[in-house]
Amino acid sequence: NQNTGFTSLNYDDNLKSRSDVSGTSKSWGGVYHLPKSLISKLPGDMTISLMFNKGQNFKPDAARLDLSGEHIPNATGNTTEYGVTITALHEKLSLKINHFETVVKGAALAGTNGNDIGGLGNNGYFLADGMIWGYAWATSLQDGLRGQTPGTNYWDYTQGTGFSGKYSVDNSGPTNVLITNDAQETAFDQKIVDAWLKAPFPANFFKSFNLSPEVDPTLGRKSGNLRDAYIAGYANQNGPIAGGGSQFGNHVTTVDNLSKGWEVELSAQPTKNWNLTLNYTKVDAIHDNVDLASQKFIGDMTAFLNGPGGQVREWYNGGGALGDQWNSSIVAPFTVLLNQQGHEAPEVSPWRLNLISTYSFDRGMLKGVFVGGALRTEAGRIVGYHFNSKVKNANSDDPRYARVTVLTLGGLDVNDPYRSGSETHVDAWVGYSRKLSHNLNWRIQANFKSVGEKNHLVTSRVQPNGDIALARISAGMGWELTNSIEF
């Protein structure tokens with residue numbers, strides 16, 4: 001409040017904006033220990049146990065929107081796991097082998113973060129801002145054709161520029177016919193206006209992205225006047241203000257995530273005081289089934305913006321065609337998402353290996369002291385893809401995806417990825433433990449993580465030419481000291 005300097009806490013609460021989510025998560029499992037009567041003749045005092053687990057759950061998440069601004073349900077998951085545990089030598093040697101398969105349906109590939117809307121990358125903002133700008137420019141064009149914008153030529157998209165449109169006046173196809181006279185110009189401009197009157201925007205599209213000024217495209221569609229879509233109207237003689245936004249809400253692209261693989265863990269006690277553990281995990285992770293709602297919207301918009309609607313010029317009469325930027329900013333990254341379906345997920349390391357060792361002293365001057373260390377290593381992840389001038393949408397023959405195709409020359413080839421290097425780290429620890437009384441035990445331990453390392457950058461994303469696009473900070477050596485009393 002400008003008078004009091006205080007912010008009012010009496011916020012409007014739209015009860016219709018609330019959503020209730022409920023469900024039941026179920027998990028069950030069982031272990032079967034083979035009886036001695038079956039395994040008594042095996043050497044080394046062996047035991048064998050079989051394990052099976054199954055679980056299903058749902059995520060009671062905040063409300064999510066697809067790329068068109070419509071509400072979508074929350075993610076659900078199912079996991080199946082089975083394996084065997086074998087012990088020997090009075091359980092001094094143990095081997096666990098486990099197979100798992102997890103399917104998460106409707107998982108958010110990426111939430112809206114800054115300019116990145118729904119995993120489309122740094123130019124994803126164009127999905128929202130570019131469209132409200134285009135609506136304003138198309139409105140200026142319609143007003144100009146009617147003589148409603150006196151004193152400005154901002155609505156003039158072709159005259160005097162030598163503009164060569166993708167579509168000829170009779171809309172026969174991408175013939176690059178040069179517009180040379182006023183009649184052709186007027187006919188071409190009218191096709192642009194007619195296309196925007198029929199643009200495939202849902203009623204709440206602009207509002208869902210928190211864009212201003214508020215636009216309801218269904219109002220302009222009903223009246224035949226694009227200016228009627230502006231809820232508050234406008235009086236700008238130079239046409240409507242293009243507007244835009246920077247906080248875009250919670251729009252996501254959803255996919256089905258499938259992770260399956262094996263976990264193997266070997267534990268041994270070579271001596272009474274020495275413990276060793278080796279574990280290895282192999283994971284095959286893929287994305288599949290990019291949500292159909294976003295596919296339909298991107299497909300509809302791609303068809304719209306590669307027709308006359310996409311020929312509205314950016315920033316009045318001083319920029320290129322809106323449809324060209326749509327193809328590079330939205331279609332290109334979305335095509336990569338489609339092509340990634342069924343391929344290795346880029347954010348998951350395909351395997352990990354850990355070796356852990358601890359030795360405890362139980363006699364002499366070092367009684368109560370224990371020392372240990374660990375070796376952690378993991379395979380490199382996919383951090384980008386090479387550019388291929390001949391790449392095509394691998395799913396273009398699938399009727400579900402045929403409307404979203406590569407409309408620019410070349411693209412990122414998901415069959416030719418860049419990988420980061422494997423990572424290896426060494427940890428160490430030393431401690432002391434002793435009994436203070438019958439019921440009290442004192443333990444102090446110093447842990448050293450990533451021994452010998454310094455803070456450094458690790459490549460997490462690369463440009464198509466191999467240059468680093470994004471890096472994360474890998475912390476160097478760190479330590480912590482814990483002191484506890486157990487009772």
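**Notebook: strands, pockets and a core**

I began with Gly-372 and found that its bridge partner in strand 13 is Trp-429. Before going on, I noted that this is a predicted model, where local features need pLDDT of at least 70, side-chain atom pairs count only at pLDDT 80 or more, and totals for chains, interfaces and linings use all residues. Residues are numbered from 1 along each chain as its sequence is written, and side-chain values use heavy atoms, with hydrogens and water left out.

**Strands**

I looked up strand 10 (residues 369–378) and strand 13 (residues 423–435), which pair in the antiparallel sense over ten bridges. Strands here are DSSP runs of E with at least two residues, helices are runs of H or I with at least four, and both are numbered from the N terminus. Two strands pair if DSSP finds at least two bridges between them.

Strand 13 also pairs with strand 14 (residues 441–449), again antiparallel, over eight bridges. Here I found Arg-434 with Trp-442 of strand 14 as its bridge partner. A hairpin of five residues leads from strand 13 to strand 14.

**Pockets**

Next I checked the largest pocket, which holds about 1400 Å³ of space. On a 1 Å grid over the protein atoms alone, a pocket is an open set of points where a 1.4 Å probe fits, with protein on both sides within 12 Å along at least five of seven lines; lining residues have an atom within 4 Å of a point. The volume is the space filled by probe spheres set on the points, which are joined across faces, edges and corners.

I counted on 42 lining residues, with Gly-119, Gly-121, Val-336, Leu-412 and Arg-461 nearest the centre. Which element gives the most to this lining? Helix 7 does, with eight residues.

The second largest pocket has about 330 Å³ of space. Its lining has 14 residues, and those nearest the centre include His-71 and Lys-207.

**Core**

Last, I turned to the largest nonpolar core, whose 49 residues include Trp-326, one of those touching the most other members. Such a core is a set of buried Ala, Val, Leu, Ile, Met, Phe, Trp, Tyr and Cys residues joined through side-chain atoms within 4.5 Å; buried means under 20% relative accessible area (1.4 Å probe, protein chains only). Helix 2 supplies the largest share of this core, eight residues.

Leaving aside neighbours within four places in sequence, I found Trp-326 in contact (heavy atoms within 4.5 Å) with residues including Phe-126, Ile-298 and Val-331.

Definitions and conventions:
Buried means under 20% relative accessible area, exposed over 50%, partly exposed in between (1.4 Å probe, protein chains only).
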